[in-house]
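Please walk me through this structure, element by element.

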Amino acid sequence: MSKKIGIIAEDASDVAVIDSILEKYMASNKYSVKKFVGNGCGKLRNKCGTWANMLSVYGCDHIMLFHDLDRYNMAELRKTLTKKVSKDTHPNSIIVIPVEELEAWLLSDMKAIKKVFRLRKVPKKIHDCESVTSPKEHLRDLVWAAGKKRYLNTTHNKKIAQAASVTNFRRCKSYKEFDEYVKNMA
């Protein structure tokens, strides 16, 4: 039986990363994804409640809401999002807030970055990926410094996620709740 998973995220590349990560837990023929993309955090915050309701109407068994922390306060952002996508209304839902951006998770696996960009050597491991300011820009600069290659999140994030290991993602605190949720769901 195939699960229908509704994903609400800031952009299409985030959905692609999440889908690639889900494939690490279950075969791609065991689930399907319906999505809503905010094209930024403002629209996502305003519309996420409506979108979650629509995903439920579309038959989604699970709803996953992803919102980068960026420079927001974690407690306030979680409170705002929980008001719109509550467990009362959507019992099989999870709100995931990557610190500072979803790209921090990608920075957890330097071997994957080396593989995707065909770098000569593995870049230096970052011990706390979620402490990196502006992970997307950090990833761009790291790839340029290591191999004079251009990083484009819309192209490369999914490839890095596909090559990365869940074990490395688990080094990120914000990933752990998602990891537990997906293991229980799968």
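Glutamate 100 sits in the loop between β4 and α4; helices (H or I, at least four residues) and strands (E, at least two) are DSSP runs, numbered from the N terminus. The peptide bond that joins valine 99 to glutamate 100 is cis, with omega about -15°. Most peptide bonds are trans, and most residues other than glycine have a negative phi. This is a predicted model, in which local features need pLDDT of at least 70 and side-chain atom pairs count only at pLDDT 80 or more, while totals for chains, interfaces and linings use all residues. Residues are numbered from 1 along each chain as its sequence is written, and side-chain values use heavy atoms, with hydrogens and water left out.

Two further backbone exceptions concern phi. Aspartate 70 is not a glycine, yet its phi is positive, about 50°. This residue is placed in the loop between β3 and α3. Its relative accessibility is 23%, so aspartate 70 counts as partly exposed; buried means under 20% relative accessible area, exposed over 50%, and partly exposed in between (1.4 Å probe, protein chains only). Lysine 148, also a residue other than glycine, has a positive phi near 50°. Lysine 148 belongs to the loop between α6 and α7, and it is exposed, with a relative accessible area of 56%.

Next come the strands. In β4 (residues 93-96), Ser93 and Ile95 point one way, Ile94 and Val96 point the other way, and all are buried. In a regular strand the side chains alternate between the two faces of the sheet. Strand β3 (residues 62-66) pairs with β4 in the parallel sense over four bridges; two strands count as paired if DSSP finds at least two bridges between them. One of the residues involved is methionine 64, whose bridge partner in β4 is isoleucine 94. Together with helix α3 (residues 74-84), β3 and β4 make a right-handed β-α-β unit. Right-handed here means that, with the strands pointing away from the viewer, the path from the first strand over the helix to the second runs clockwise.

Helix α2 (residues 41-57) has a kink of about 55° centred on lysine 47, the bend being the angle between axes fitted to the seven residues ending there and the seven starting there. Its buried residues are Cys41, Leu44, Arg45, Cys48, Gly49, Trp51, Ala52 and Leu55. Among the elements that cover them are β1 (3-9), β2 (31-37), β3 and α3, where contact means heavy atoms within 4.5 Å. Just after α2, glycine 59 takes a positive phi of about 90°.

Which residues of helix α5 (residues 110-117) are buried? They are Met110, Ala112, Ile113, Val116 and Phe117. These residues cover an arc of only 155° around the axis, which puts them on the same side of α5; the arc is that of the directions from the helix axis to the C-beta atoms. Lys111 and Lys115, on the other side of α5, are exposed. The cover over the buried residues of α5 includes α4 (103-106), α6 (135-147) and α7 (153-163).

Histidine 156 lies in α7. With 14% relative accessibility, histidine 156 counts as buried. Neighbours within four places in sequence aside, histidine 156 is in contact with Val116, Phe117, Arg150 and Tyr151.
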